[in-house]
Protein chains: 2
Amino acid sequence: MNSYTEENYLKSIYHLSVPTDESVSTNSIAASVNTKAASVTDMLKKLADKKLINYTKYQGVSLTEEGKAIAINIVRKHRLWEFFLVEKLHFKWDEVHELAEELEHITSVELIDRLDKFLGNPKYDPHGDPIPDSTGCIKKDELIPISTLQPGQSAIIMGVREHAPVFLQYLEKMNLTIGKQIKPIEVIAFDHSVLLSVNNNTVSISRDVAKNILVTI
Amino acid sequence: MNSYTEENYLKSIYHLSVPTDESVSTNSIAASVNTKAASVTDMLKKLADKKLINYTKYQGVSLTEEGKAIAINIVRKHRLWEFFLVEKLHFKWDEVHELAEELEHITSVELIDRLDKFLGNPKYDPHGDPIPDSTGCIKKDELIPISTLQPGQSAIIMGVREHAPVFLQYLEKMNLTIGKQIKPIEVIAFDHSVLLSVNNNTVSISRDVAKNILVTI
DNA sequence: CATAAAATTTAGGCAAGTCTAAAAATTTAA
DNA sequence: TTAAATTTTTAGACTTGCCTAAATTTTATG
């Protein structure tokens with residue numbers, strides 16, 4: 001079993017390595033888990049002993065297959081809990097991250113699989129990030145921003161690209177929330193703002209907003 | 001903030017003190033939290049410093065008002081999560097205790113209040129134990145065993161008095177689960193077994209079983 | 001390519017929570 | 001009511017995870 005702390009390190013290393021697929025520096029981990037570099041070095045030795053990371057002094061680290069599997073499982077739990085909090089307990093998109101940071105460490109596999117089923121096996125969390133399945137598979141990103149839709153092409157809101165509370169709160173207010181079906185009616189030539197039909201209403205959103213709302217066709 | 005460990009100590013002291021309402025011994029706490037007496041003494045000093053318990057060397061401990069409030073809040077969380085696990089995720093009665101031991105330490109008050117509402121503000125957990133409300137009030141026990149019902153008096157199953165897995169599994173099999181409406185048809189004079197109507201079926205349960213199923217009228 | 005700057009690791013320590021062994025207090029029982 | 005048994009506490013030590021300060025390695029720059 002890995003401690004709460006070890007899990008957070010693995011998760012951070014995972015998130016830091018995904019965008020670039022390169023080895024991760026001690027300092028970047030320190031920033032991510034909110035400690036000092038010296039503490040990170042201590043932990044890296046421990047994780048390397050457990051064969052959860054590949055670590056060579058001064059050369060940064062990468063996850064082993066086993067370490068990666070653990071990290072992905074934490075991400076799965078995090079995103080499922082976020083989905084639960086928004087869909088069932090009606091939290092706002094911008095309120096759930098902190099809560100999920102705690103819930104993601106609940107250990108039971110059975111619990112998370114049942115939660116997954118209870119939620120209807122969602123594919124994306126409320127921010128539009130893909131939820132890994134129980135085998136660790138992560139759906140390739142098939143979400144596209146509203147700005148790339150053709151007028152008349154209806155789609156369902158699955159997530160966002162921008163996580164700032166002020167943005168998420170704006171979407172709440174406009175009723176542009178997860179699961180809503182939307183259809184662009186027209187793109188205004190003047191400023192590229194988009195006229196959308198949502199719930200039989202017509203709303204207008206700026207190009208910037210349209211770029212940051214992710215949908216599936 | 002109190003650590004996970006401190007919370008467990010407070011919870012144990014609470015559970016140990018409720019039945020007798022007397023001060024709790026070091027050894028009984030040690031047994032309850034699964035450590036050695038020496039470790040308990042260390043922790044008692046710490047909790048006393050924090051004014052969460054009344055502690056005099058060699059004289060056992062009791063909770064202060066503040067300590068009790070914390071303990072009750074943990075019990076509230078434990079029982080609400082158990083209810084969630086059984087009602088929403090369809091765990092069996094005998095499977096949820098361990099899981100709730102972990103979930104009860106999730107800190108957010110907002111989360112637990114929303115969970116409470118989502119579950120319909122349940123008054124009893126799946127074992128029939130009362131769920132404290134958000135102010136710490138605990139409903140006086142109003143549940144009665146089936147064996148005390150009059151024939152024809154219908155009631156709803158709220159919990160059990162016996163928590164042995166084999167018993168809970170038997171109830172599952174007989175469909176005698178939480179929330180089910182039941183009505184005793186007849187008490188057999190020979191062995192005091194009870195004929196019950198459940199879901200338009202008639203089932204027979206022994207007197208012993210009837211004594212261990214708690215209902216509300 | 002030499003050296004300054006930055007990043008990383010080592011060394012030595014601290015707090016929380018646990019343990020064993022031994023000492024002290026309390027309870028039981030002869 | 002005193003000795004034995006039991007319970008509780010103290011003492012000293014270990015592990016995990018964190019820290020600061022100093023040493024070392026790598027990287028960047030003139």
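Biologist: What kind of model is it?

Modeller: It's a predicted model.

Biologist: OK, chain A then. How many helices and strands are there in chain A?

Modeller: Chain A has 8 helices and 8 strands. Its C-alpha trace spans about 60 × 40 × 25 Å along the principal axes. Of the 217 residues in chain A, 45% are buried.

Biologist: And what share of the contacts with a separation of 6 or more comes from residues 24 or more positions apart?

Modeller: In chain A that share is 59%.

Biologist: Is H4(A) mostly covered or mostly open?

Modeller: Mostly covered: 17 of the 23 residues in H4(A) are buried.

Biologist: Switching to pockets. How much space lies in the largest pocket?

Modeller: About 490 Å³. The lining has 25 residues, and those nearest the centre are A:Lys11, A:His15, A:His78, A:His97 and A:Glu101.

Biologist: Which helices supply the lining?

Modeller: In chain A, helix H1 (4-20), helix H2 (26-33), H4, H5 and helix H7 (165-174) each supply at least two lining residues. H1(A) gives the most, with 6 residues.

Biologist: How do the lining residues divide into nonpolar, polar and charged?

Modeller: You get 7 nonpolar, 10 polar and 8 charged.

Biologist: A:Lys11 was on your list. Which residue's side chain does the side chain of A:Lys11 meet in a polar contact?

Modeller: A:Glu104, at 2.6 Å. The side chain of A:Glu104 also makes a polar contact of 3.2 Å with the side chain of A:His105.

Biologist: Where does A:Glu104 lie?

Modeller: In the chain A loop between helix H5 (96-103) and helix H6 (109-118).

Biologist: A loop residue, then. Is A:Glu104 buried or exposed?

Modeller: Buried, because its relative accessibility is 0% and the cut-off for buried is under 20%. Beyond four places in sequence, A:Glu104 is in contact with A:Glu7, A:Asn8, A:Lys11, A:Ile74, A:Lys77, A:His78 and A:Trp81.

Biologist: Now backbone angles. What's phi at A:His192?

Modeller: Near 60°, a positive value in a residue that isn't glycine. Most residues other than glycine have a negative phi. A:His192 is in the chain A loop between strand E5 (181-187) and strand E6 (194-198), and it counts as partly exposed because its relative accessible area is 41%.

Biologist: Last one: where is B:Tyr55?

Modeller: In strand E1 of chain B, residues 53-55. B:Tyr55 is partly exposed at 23% relative accessibility. Leaving out residues up to four places away in sequence, B:Tyr55 touches B:Thr41, B:Leu44, B:Lys45, B:Ala48, B:Gly60 and B:Val61.

Technical notes. Residues numbered from 1 in each chain as written. Chains lettered and ligands numbered in written order. Predicted model: local features only at pLDDT ≥ 70, side-chain atom pairs only at ≥ 80, totals over all residues. Heavy atoms only, no water. Helix = DSSP H or I, 4+ residues; strand = E, 2+ residues; numbered from the N terminus. Buried < 20%, exposed > 50% of the residue type's maximum accessible area, 1.4 Å probe, protein only. Polar contact = N/O pair within 3.5 Å; in protein donor to acceptor, adjacent residues only side chain to side chain. Contact = heavy atoms within 4.5 Å. 1 Å grid on protein atoms, 1.4 Å probe; cavity = no way out; pocket = protein on both sides within 12 Å on 5 of 7 lines; lining within 4 Å. Points joined across faces, edges and corners; volume = space filled by probe spheres on them. Nonpolar A, V, L, I, M, F, W, Y, C, P; charged D, E, K, R; others polar.
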